[in-house]
Amino acid sequence: MVEEVALFAAGIFVWTFLEYLIHGWLSHTFRTFAMRLHAAHHCDAHAVFTIRAWIPIAAIWTIMAVLFRWTPWIILFSGAVAGFAGYEAVHYRIHFCRPRGSAENYLRSRHLIHHEHYPNRCFGVTSALWDLAFGTEPMGIEMAVLRESMRSRAPLTGRTNLYKLKNYLRPFH
């Protein structure tokens, strides 16, 4: 049981690195398929572009779990999928909800700084770990002032593109 919990937690940790790679490198640094999709989100934060990834990830997880059962690799992959789900929830809350607590306030202010001041920094949405490791975390008094200025920013209103999820589920009816 301890090994399974450790593998699941390691999967969440793996997700944090994947999040940094996808957001920082595939969406901002290099010209990739993700750059255009992500640019739409930067232009309008109502556009939650990863919605198209939910169904394929769920399908892949289900197929792998059926084929390979509860093996260490599936447990690790399950942690990464849980990390992705957590990322989605945090990212949604950052844009559309008032923060509950200091950790959420910190993550929200960093991400809003990424959107409004430093599009090539603050790539981690759920953690600053990889930004600190790779030098993409702004430091010093300017960052502290910017974080404080973001605290008063009101959440977005109106609907996101989550309503489009039903279009992706339609083939399964």
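This is a guided tour of the structure above, stop by stop.

**Before you select anything**

The model is predicted; local features need pLDDT of at least 70, side-chain atom pairs count only at pLDDT 80 or more, and totals for chains, interfaces and linings use all residues. Residues are numbered from 1 along each chain as its sequence is written, and side-chain values use heavy atoms, with hydrogens and water left out.

**Stop 1: the whole chain**

Show the protein chain as a cartoon. It has eight helices and zero strands. Helices (H or I, at least four residues) and strands (E, at least two) are DSSP runs, numbered from the N terminus. Along the sequence the pattern reads α-α-α-α-α-α-α-α.

Of the 173 residues, 38% are buried. Buried means under 20% relative accessible area, exposed means over 50%, and partly exposed lies in between (1.4 Å probe, protein chains only).

Consider contacts too, meaning heavy atoms within 4.5 Å. Among contacts with a separation of 6 or more, 63% join residues 24 or more positions apart.

**Stop 2: α5 against α7**

Select residues 102–116, helix α5, and residues 141–150, helix α7. At what angle do these two helices pack? The angle is about 105°, and the axes are 9 Å apart. That makes α5 roughly perpendicular to α7. Axes are lines fitted to C-alpha atoms, for helices over the stretch in contact, and angles run from 0 to 180 degrees between N-to-C directions. Angles under 35 degrees count as roughly parallel, over 145 as roughly antiparallel, 65 to 115 as roughly perpendicular and the rest as oblique.

Show the side chains of the contact. From α5, pick Tyr106, Arg108, Ser109, Arg110, Leu112, Ile113 and Glu116. From α7, pick Met143, Leu146, Arg147 and Met150. By class, the contact of α5 with α7 has six nonpolar, one polar and four charged residues. Ala, Val, Leu, Ile, Met, Phe, Trp, Tyr, Cys and Pro count as nonpolar; Asp, Glu, Lys and Arg count as charged; the others, Gly among them, count as polar.

**Stop 3: His111**

Stay on α5 and select His111, which is found in this helix. Is His111 buried or exposed? His111 is buried, at 1% relative accessibility. Leave aside neighbours within four places in sequence, and His111 is in contact with His23, His41, His91, Ile94, His95 and Val125.

**Stop 4: the aromatic rings**

Show every Phe, Tyr and Trp. A search of the whole structure finds twelve aromatic pairs. Rings (for Trp, the six-membered ring) pair if their centres lie within 6.5 Å; planes under 30 degrees apart count as stacked, over 60 as edge-to-face and the rest as tilted.

Start with Tyr20 and Trp25. Their ring centres are 6.5 Å apart and their planes are at 70°, so the pair is edge-to-face. Tyr20 is buried, with a relative accessible area of 1%, while Trp25 is partly exposed at 34%.

Trp25 is found in helix α1 (residues 2–29). Not counting residues up to four places away in sequence, Trp25 touches Tyr20 and Phe30.

Next, select Tyr92 and Phe96. This pair is stacked: 4.9 Å centre to centre, 25° between the planes. Both lie in helix α4 (residues 72–96), four residues apart, about one turn of the helix. Tyr92 is partly exposed at 34%; Phe96 is buried at 11%.

**Stop 5: Pro72**

Pro72 also lies in helix α4. Pro72 is partly exposed, at 43% relative accessibility. Which residues does Pro72 contact, leaving aside neighbours within four places in sequence? They are Glu3 and Leu7. The C-alpha atoms of Pro72 and Leu7 are separated by 6.9 Å, although the two are 65 residues apart along the chain.

**Stop 6: two positive phi angles**

Select Arg69, in the loop between α3 (51–68) and α4. Its phi is near 60°, a positive value in a residue other than glycine. Arg69 is exposed, with a relative accessible area of 60%.

Finish at Cys122, in the loop between α5 and α6 (129–134). Cys122 is not a glycine, yet its phi is positive, about 55°. Cys122 is buried, with a relative accessible area of 0%.
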